[in-house]
Every structure is written in structure tokens, then in C-alpha cells.
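Subject: Structure for your review

Dear colleague,

Please find below the sequence and the structure that I am handing over to you. My notes on what was found follow directly after.

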Amino acid sequence: MPDILAYTDGACSGNPGPGGWGALMIARSDGKVVKERELKGGEPDTTNNRMELLAAISALESLSRPSKITIVTDSAYVKNGVTGWIHGWKRNGWRTSQKKPVKNEDLWRRIDEAQKRHDVTWEWVKGHAGHPENERADELARAGMAPFKPGKGNGA
């Protein structure tokens with residue numbers, strides 16, 4: 001079974017504003033790339049954090065069978081949330097330690113569900129630091145956002 005790497009990123013023009021997400025999926029076997037797939041999408045009115053989450057969710061949900069996957073994100077929000085904060089939120093009925101509703105609860109629930117059937121490792125990389133796969137994920141996120149930017153949709 002190949003190892004799968006997913007490099008994910010989100011982008012927003014304004015926060016909130018038009019946004020996009022991207023994921024570069026790479027399957028490797030014996031250290032060699034055997035398959036690559038690019039995923040992207042966007043929304044007209046969203047936030048950067050929602051797009052970062054949707055990139056990771058989309059990577060997980062795109063897998064047709066349980067897999068061993070490493071998700072590489074430049075979002076500390078996603079990495080810290082999914083590996084740490086989410087456990088307390090679930091214990092507290094999706095409330096923060098200050099008893100406030102968790103922001104983006106719908107997506108946190110979705111990522112929690114999406115990762116259950118996989119063996120997931122989460123890694124953080126510094127964004128916009130010349131990491132080739134992270135830069136490609138960023139390009140995909142910006143491409144996913146493009147149709148939602150004013151004057152950019154429908155061939156305009």
C-alpha cells in the first residue's frame with residue numbers, strides 16, 4: 001500500500017471574503033512518486049481558517065478506502081486544533097475553555113469524522129518559505145478562489 005502525502009492550503013482575499021482551498025495529493029511507493037492528484041475549490045464569502053480546514057477535509061474525504069496519510073499544513077490553527085484542542089471541545093460539548101461556542105464547529109466535526117477511518121499524521125510547515133509542495137498547494141488554493149473574486153467569474 002502506498003504512503004499518501006497531502007499538502008494542503010487555504011487562501012482568502014479579505015477575511016472574510018472570497019476564498020479558496022487546495023490540496024496536492026502524492027502517493028509514494030518505495031520512496032518514489034506513483035501518482036499525484038490536485039484538488040481545489042472555493043467559496044464566495046468565507047474566512048482563511050475555513051479554507052484551511054476545507055483543504056484538509058477534502059484531502060481526507062477524497063480517499064476511497066482507509067489509508068495511511070500524512071497531512072502537511074502551514075496552518076497552526078488546523079494542526080493545533082485537530083491534534084489538541086478538538087479533544088477538549090468534544091468533552092465540553094463543542095465549547096471552548098471559556099464556554100463559548102467553537103468557531104467553525106461544522107468543519108471541525110467534519111474533519112473529526114473524516115479522519116476516523118484513516119491513519120493520519122499531521123505535520124506543520126512554515127508557509128511561503130519556498131517549500132515546493134506547499135507552494136503548489138497555495139497555487140491550487142488561489143486557483144480555487146479565482147472564480148469567486150469580483151470580476152473574475154464566468155469568463156469575465
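A salt bridge joins the side chains of D106 and R50, with 2.8 Å from N to O. D106 belongs to helix α3 (residues 105-115) and R50 to helix α1 (residues 48-61), so this pair ties together parts that are 56 residues apart in sequence. D106 is partly exposed, because its relative accessibility is 44%, which falls between the limits of 20% for buried and 50% for exposed. Please keep in mind that the model is predicted.

In total, the structure holds nine salt bridges. Another of them is formed by K68 and D119, whose closest N and O atoms are 3.8 Å apart. This pair, too, links distant parts of the chain: K68 is found in strand β4 (residues 68-73) and D119 in strand β5 (residues 119-124), 51 residues apart. K68 is partly exposed, with a relative accessible area of 42%. For D119 the relative accessible area is also 42%, and this residue is likewise partly exposed.

A further salt bridge lies within a single helix. D138 pairs with R142, and their closest N and O atoms are 2.9 Å apart. Both residues are located in helix α4 (residues 132-145), where they are four residues apart, about one turn of the helix. Are the two partners buried or exposed? D138 counts as buried, because its relative accessibility is 7% and the cut-off for buried is under 20%. R142, in contrast, is partly exposed, at a relative accessible area of 41%. Salt bridges with shared partners also occur: they join E36, E38 and R136 into one network.

K35 is classed as exposed because its relative accessible area is 55%, and the cut-off for exposed is over 50%. Which residues does K35 touch, leaving aside its neighbours within four places in sequence? K35 is in contact with M25, I26 and A27. As for L107, this residue is 72 residues from K35 along the chain, and the C-alpha atoms of the two are separated by 28 Å.

With kind regards

Conventions: Residues numbered from 1 in each chain as written. Predicted model: local features only at pLDDT ≥ 70, side-chain atom pairs only at ≥ 80, totals over all residues. Heavy atoms only, no water. Buried < 20%, exposed > 50% of the residue type's maximum accessible area, 1.4 Å probe, protein only. Contact = heavy atoms within 4.5 Å. Salt bridge = Lys/Arg side-chain N within 4 Å of Asp/Glu carboxyl O. Helix = DSSP H or I, 4+ residues; strand = E, 2+ residues; numbered from the N terminus.
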